[in-house]
Amino acid sequence: DAVERGEYRHYMQKEIFEQPRAVADTLEARIGPHGVLPNIFGIDSDALLQATRGLHIIACGTSYHAGLVAKYWIEEYARLPVSVEVASEYRYRDAVVPADTLFVAISQSGETADTLAAMRESRRRGYLGTLVICNSPESSLVREADLKLMTRAGPEIGVASTKAFTTQLAGLALLTLELARRNGLDPQRYATLCAELQHLPRAIESALKLEPAIIELAGEFIHHQHALFLGRGAQYPVALEGSLKLKEISYIHAEAYPAGELKHGPLALVDEHMPVVAVAPNGPLLDKLKSNLQEVRARGGRLIVFADGAAGMDDMAKHGAMLRVESGGSFIAPAVFTVPLQLLAYHVAVLRGTDVDQPRNLAKSVTVE
Ligand code: G6P
């Protein structure tokens, strides 16, 4: 065990630091100087992806959050409608399936009972076909899907998923680009997005350098019972993932909100006992997010802001802390900003002395309903 963990104290920490390699492996031989390579989703993928007019993405837990990011990406760049749903709801509900919809399952293990049952159920619902993004080549989901893309995270031991998530995002980014190219994305824009994606392993590498600063921040959380995570746009699912990480391993109650919803409820909870973590890369929504954060400040809430150095963000640090993350561009930013949130959850849990790799009551793979 200690040999496998090497210099790291827990598998989770090791797996967080393996992300540059895992993402690079997932992109390897799938994207080149001219874009996404042919047939990376399987030999029969061409006709199916060409015919796709919409997507239903189904998953559980962290994999569900990856699906939520993909909705923002695919709708923006490929202009195809996407719905994302947790498998346990989808499987028992009479979902409407428009013509030429692709069913997409996302799963680290490929054995999650609800996700597998949802895919089996989808066969009766008239989809164009099924695609799975998965980290386990021999799994049931992979065996049963029409199209597949394997993430190459390698074995993930920590129950709280980290490198599986960022490699899923890498796989979903490839899917986004493939669909965008087929649906009229401007070739120059396509080339820019491809270059951004190829930079992702290095961007994650540089985000990992924040660890010492995050260790300092972690101390602030240990005596709190609650935390709020805020994001907007494709960073909202990142906030969800950050809050899930914190609750899974540190047992602090954490909730994520799209920052624009703050005044519709969670603001009532904000006082000096509520740390508020905001994911705030530069982008068209940054000014809106800033005014949301001002509302938190005005109520004495302690802000912890992850930003990429956009003007005016330093000011936020007056009532809290600001950590600078180089996003590497707006397309890959959700994957990059995930990393400091993983580190934050990890170090809070370490300080609280929980069983980080095996949190109470949770399982790595939920193979029964
Ligand atoms: C469990 C794990 C999570 C995981 C979820 C979905 O809850 O603890 O880390 O995200 O299952 O698992 P899957 O293997 O389908 O991605």
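Colleague: Which helix is the place of glutamine 13?
Modeller: Glutamine 13 sits in helix H2, residues 11-17. Helices are DSSP runs of H or I with at least four residues, strands are E runs of at least two, and both are numbered from the N terminus. This is a predicted model: local features need pLDDT of at least 70, side-chain atom pairs count only at pLDDT 80 or more, and totals for chains, interfaces and linings use all residues. Residues are numbered from 1 along each chain as its sequence is written.

Colleague: Is glutamine 13 buried or exposed?
Modeller: Count C-beta atoms, placed from the backbone, within 10 Å of the residue's own: 20 or more others means buried, 12 or fewer exposed, in between partly exposed. Glutamine 13 has 22 others within 10 Å, so it is buried.

Colleague: What does glutamine 13 touch?
Modeller: Contact means C-beta atoms, placed from the backbone, within 7 Å. Leaving out residues up to four places away in sequence, glutamine 13 touches Tyr8 and Tyr346. Proline 281 is 268 residues along the chain from glutamine 13, and their C-alpha atoms are separated by 24 Å.

Colleague: Now the sheet. In what order do the five strands come?
Modeller: Strands pair if DSSP finds at least two bridges between them. Here the order is E4-E3-E5-E6-E7, in an open sheet with parallel pairing. E4 (82-86) and E7 (147-150) are the edges, each pairing on one side only. From one strand to the next, the twist averages 20°.

Colleague: How many bridges join E3 and E4?
Modeller: Five bridges link E4 to E3, residues 54-59. Take histidine 56: its bridge partner in E4 is serine 83.

Colleague: At what angle do helices H9 and H10 pack?
Modeller: H9 (163-182) and H10 (187-208) pack at about 170°, axes 10 Å apart. That makes H9 roughly antiparallel to H10, a label for angles over 145 degrees. Among the contact residues are Ala170 and Leu177 of H9, and Leu193 and Leu197 of H10. The contact's residues divide into ten nonpolar, one polar and one charged. Nonpolar covers Ala, Val, Leu, Ile, Met, Phe, Trp, Tyr, Cys and Pro; charged covers Asp, Glu, Lys and Arg; the others, Gly among them, are polar.

Colleague: Last one: how many residues surround the ligand?
Modeller: There are 16, with Gly61, Thr62, Ser107, Ser109 and Thr112 the closest. A residue counts as near if its C-beta atom, placed from the backbone, lies within 6 Å of the molecule. By class, this shell has five nonpolar, ten polar and one charged residues. Helix H5, residues 61-78, gives the most, three residues.

Note on methods
Axes are lines fitted to C-alpha atoms, for helices over the stretch in contact, and angles run from 0 to 180 degrees between N-to-C directions. Angles under 35 degrees count as roughly parallel, over 145 as roughly antiparallel, 65 to 115 as roughly perpendicular and the rest as oblique. Two residues are in contact if their C-beta atoms, placed from the backbone, lie within 7 Å.
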